[in-house]
Amino acid sequence: MQRKLEYKYPRELTWLSGVVLLGLTLGFAFTGYLLPWDMKAYWATQVGVNIADTIPIVGTPLADLVRGGPILTGATLGRFFAIHMLLLPALTGGLIGLHLLLVNIQGVSAADGLVVETNMGETLQQIPNVPEAAADSNSRFVPGSRPVGNTGFNAPAQPGGNGNVDTGADRL
Ligand code: HEM
């Protein structure tokens, strides 16, 4: 069976939402840095916005939009504060929800030969999703649900069987 890589079908959206989340985090860092409104904050943001300004065609309108005008003023501070405190948290919260929902629905992709048998007898190449794993008393997703001394939370599937995961080790 061909390995289902993390960024490929059916997990493209999970991957993309993760990349956007990374971008949003950088957005938090950039907009937050202006908020102390001291010399370092002012001039660092000046550098960042001026870099955006150099992009051909879209650069200057983008820089003006971000600054709220042709130069960096109190209006820029207001914008950055709103972006940092309202827009980015809302987008980040929504995307984290989507990201986790997708991981929950699709499960985590598993290595070659690792297959899961569902109750319906179907075999999937993935580590069980959270509800399945939580229902499994030997689950590695639920802290404390494994016997003391086991590697426990988020440990990789064990050769020779692990809960309802068929490692396929006996067929290798
Ligand atoms: C990944 C998430 C975040 C990153 C990377 C980030 C980054 C930053 C950075 C670099 C600063 C400048 C700190 C300084 O130089 O003193 C800052 C300031 C600030 N951040 Fe964030 N931030 C994040 C999330 C948030 C959230 C969720 C909130 C609130 C909803 C928030 C509220 C603030 C406030 C009020 C300041 C101003 C603090 C001050 O001027 O003393 N930040 N942030």
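**Terms and basis of the model**

Axes are lines fitted to C-alpha atoms, for helices over the stretch in contact, and angles run from 0 to 180 degrees between N-to-C directions. Helices (H or I, at least four residues) and strands (E, at least two) are DSSP runs, numbered from the N terminus.

The model is predicted: local features need pLDDT of at least 70, side-chain atom pairs count only at pLDDT 80 or more, and totals for chains, interfaces and linings use all residues. Residue numbers start from 1 along each chain as its sequence is written.

**Overall architecture**

The protein chain contains five helices and five strands. Along the sequence they follow the pattern α-α-α-α-β-β-β-β-α-β.

Among contacts in the protein chain with a separation of 6 or more, 48% join residues 24 or more positions apart; a contact requires C-beta atoms, placed from the backbone, within 7 Å.

**The pair α1 and α4**

Helices α1 (12–34) and α4 (74–106) pack at an angle of about 160°, with their axes 9 Å apart. That angle makes α1 roughly antiparallel to α4, a description applied to angles over 145 degrees. The residues of the contact of α1 with α4 comprise 16 nonpolar, eleven polar and no charged. In this classification Ala, Val, Leu, Ile, Met, Phe, Trp, Tyr, Cys and Pro are nonpolar, Asp, Glu, Lys and Arg are charged, and the others, Gly among them, are polar.

**Surroundings of the ligand**

The ligand is surrounded by Thr25, Phe28, Ala29, Gly32, Tyr33, Leu35, Pro36, His84, Met85 and Pro89; a residue is near a molecule if its C-beta atom, placed from the backbone, lies within 6 Å of it. By class, this shell has seven nonpolar, three polar and no charged residues.

Both α1 and α4 supply at least two residues of the shell. The most come from α1, which gives five residues.

**Two loop residues with positive phi**

Tryptophan 37 is placed in the loop between α1 and α2 (39–53). Its phi is near 55°, a positive value in a residue other than glycine. Tryptophan 37 counts as partly exposed because it has 13 C-beta neighbours inside 10 Å.

Isoleucine 57 lies in the loop between α2 and α3 (59–67). Phi of isoleucine 57 is also positive, near 65°. With 7 C-beta neighbours inside 10 Å, isoleucine 57 counts as exposed.

Conventions:
Parallel < 35°, antiparallel > 145°, perpendicular 65-115°, else oblique. Contact = placed C-beta atoms within 7 Å. Buried ≥ 20, exposed ≤ 12 C-beta atoms within 10 Å, placed from the backbone.
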